[in-house]
Amino acid sequence: MVVHIQDEQEVANFKYFWQRWGRWIFAILVILSLAYLGYVLYQSHLRSNNEKAAEVFDTFISQASANNLTESKKALVQLQEKYPDTMNATQATLMMAGSAFDDGKYDEAIRHLQWVKARQHDDLLQTIVAQRLATVYLQQGKYNEALQALDVKVTNELKPVLLETKGDVLQAQKKNTEAVAAYQQALNLLSKDSVQRAVIQMKISSLS
């Protein structure tokens with residue numbers, strides 16, 4: 001009899017608990033299920049997006065290798081418009097920027113580099129873009145723009161690249177003392193076994 005009463009009490013407690021909290025627990029479970037489903041679908045979308053972008057990138061590479069500029073540009077536009085957040089789009093754009101620079105199409109190279117800068121915020125990519133932008137501006141004789149391009153916040157491991165380029169810009173401006181200071185800052189941040197140390201030291205020696 002006691003056991004029966006205890007069972008009834010437990011049932012009553014459960015009913016009370018479910019009436020009070022059941023709908024909230026159910027709602028939470030639904031939300032968690034939807035969140036998990038959304039995550040799975042998003043990951044699937046990313047994989048699908050990356051696979052499609054890779055196919056277009058292959059087309060870009062093959063057309064660029066064949067010197068088919070028209071078709072390679074079409075593939076680039078497709079990557080930029082449909083898959084702008086993928087590394088394939090970034091790679092293709094950087095490659096096209098390099099090609100434009102080699103052909104003396106500096107404004108076109110700048111447009112491509114600015115496209116990457118606006119969409120990729122990784123420190124390494126920001127450093128690459130800043131250094132290349134500064135190089136293009138330097139080639140154009142736009143020294144102020146070159147120095148502004150180098151004014152980005154990156155980790156100490158990446159700063160030597162920007163400081164060395166800053167030294168190159170200052171040297172082109174005949175500001176040798178400031179150039180040496182920039183080169184020295186780069187040296188101070190480089191590891192002792194860095195192969196770049198010898199290059200920078202040669203630049204400093206040439207200005208001494």
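## Salt bridges

Across the whole structure, a search turns up four salt bridges, each being a side-chain nitrogen of Lys or Arg within 4 Å of a carboxyl oxygen of Asp or Glu. This is a predicted model, where local features need pLDDT of at least 70, side-chain atom pairs count only at pLDDT 80 or more, and totals for chains, interfaces and linings use all residues. Residues are numbered from 1 along each chain as its sequence is written, and side-chain values use heavy atoms, with hydrogens and water left out.

Take Lys-73 and Glu-108 to start: their closest N and O atoms sit 3.9 Å apart. Lys-73 belongs to helix H2 and Glu-108 to helix H4 (residues 106-119), so this bridge ties together parts 35 residues apart in sequence. Helices here are DSSP runs (H or I, at least four residues), numbered from the N terminus. Glu-108 is buried at 14% relative accessible area, while Lys-73 is partly exposed at 32%; buried means under 20%, exposed over 50%, and partly exposed in between (1.4 Å probe, protein chains only).

Lys-203 pairs with Glu-164 at 2.8 Å between the closest N and O atoms. That links helix H7 to helix H9 (residues 196-207), with the two partners 39 residues apart. Glu-164 is buried, with 10% relative accessible area.

Asp-168 also meets Lys-203 in a salt bridge, at 3.0 Å from N to O. Since Asp-168 is in H7 and Lys-203 in H9, this pair ties together parts 35 residues apart in sequence. Asp-168 counts as partly exposed, at 23%. Through shared partners, Glu-164, Asp-168 and Lys-203 end up in one network.

## Cavity

There's one cavity of 30 Å³ or more, and the largest cavity holds about 40 Å³ of space. On a 1 Å grid over the protein atoms alone, a cavity is a set of points where a 1.4 Å probe fits but cannot get out; lining residues have an atom within 4 Å of a point. Grid points are joined across faces, edges and corners, and volume is the space filled by probe spheres set on the points.

Lys-73 and Glu-108 turn up again here, among the lining residues. Helix H3 supplies the largest share of that lining, three residues.

## Confidence

The average pLDDT (the predictor's confidence in each residue, from 0 to 100) is 81, and 77% of residues score at least 70.

Methods: On a 1 Å grid over the protein atoms alone, a cavity is a set of points where a 1.4 Å probe fits but cannot get out, and a pocket is an open set with protein on both sides within 12 Å along at least five of seven lines; lining residues have an atom within 4 Å of a point. Helices (H or I, at least four residues) and strands (E, at least two) are DSSP runs, numbered from the N terminus.
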